[in-house]
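Dear colleague,

Please find below the structure that I am handing over to you. My notes on its aromatic rings follow.

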Amino acid sequence: MPGTRTQLARGLFAPLGPTYDRYANALSFGQDPRWRRFLVSRLPVGPGDRVVDVACGTAAVSLELVRRMGCSVVGVDQSPEMLAEARLRLGGVSRVRLVEASAQELPFEDACFDGLTAAYLLRYLDDVPAGLRELGRVLRPGKTAALLDFGVPPAPVPRLAWDLWVDVGLPVLGRAISPGWHEVGRFLGGSIRDFDDRWPLPRLVAAMREAGFEDVQARRLSLGGCTVLWGRRA
């Protein structure tokens, strides 16, 4: 059964599907699409390959994979509301199939995908090591998983600006958009800090290695406001 963080994520984001892409772009100062493009660029896949996009949301990463890499994609999300928006966004794109399922119990056989992406998933895993092992389970040996999530800028000046934005800017602008975005604006800063405290980047890299990945690398983007990790299944 989904755990507490998984349930929290589902409740928070379920109402936001129709406006998610627009405001995720605006509230990240236009960085969110850039982060997703970098995530996709970490996968060495192409036509004929099959990639699973976990926590696919409105299918932004899934579409980028198809457009840029020419692969087929299985998009997985626990939220029927987000998947409904993804279907609208996909239109007639035939190379993306959507599946409603939990990232912690993927409904696929072992070693059946040529790549894996997951955006904004890590903070909502109730058991990060077990979640990473489950992601690795569905990858063929030697294939790459790339994971993206928010980060906390490590340098003092960017951290000061980041603190001001997540503590004041996001809640205020969220309130102006809708009650749902207000809740997300109030929630995000504490959630990102808590995850960064519990899982600083070196520990996350180590956890990926312990979960069966090799050549694990990490890159901070936008002065540390985003972190992307990637590695190959051993």
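Which residue lies over the face of W199, and at what distance from the ring centre? That residue is R203, at 3.7 Å. A charge is taken to sit over a ring if NZ of Lys or CZ of Arg is within 6 Å of the ring centre and within 35 degrees of the ring normal. The charged end of R42 likewise sits over the ring of W230, 5.0 Å from its centre.

This is a predicted model, in which local features need pLDDT of at least 70 and side-chain atom pairs count only at pLDDT 80 or more, while totals for chains, interfaces and linings use all residues. Residues are numbered from 1 along each chain as its sequence is written, and side-chain values use heavy atoms, with hydrogens and water left out.

The structure holds eight aromatic pairs (rings of Phe, Tyr and Trp, the last by its six-membered ring, with centres within 6.5 Å; stacked if the planes are under 30 degrees apart, edge-to-face if over 60, tilted otherwise). One of them, Y20 with W181, is stacked, at 6.2 Å centre to centre and 20 degrees between the planes. This pair links distant parts of the chain, 161 residues apart: Y20 belongs to helix α2 (residues 20-27) and W181 to helix α8 (residues 179-198). Helices here are DSSP runs of H or I, at least four residues, numbered from the N terminus. Both residues are buried (under 20% relative accessible area, 1.4 Å probe, protein chains only): Y20 has 14% relative accessibility and W181 6%. Ring pairs also join Y20, Y23 and W181 into a cluster.

Yours sincerely

Methods: Helix = DSSP H or I, 4+ residues; strand = E, 2+ residues; numbered from the N terminus. Buried < 20%, exposed > 50% of the residue type's maximum accessible area, 1.4 Å probe, protein only.
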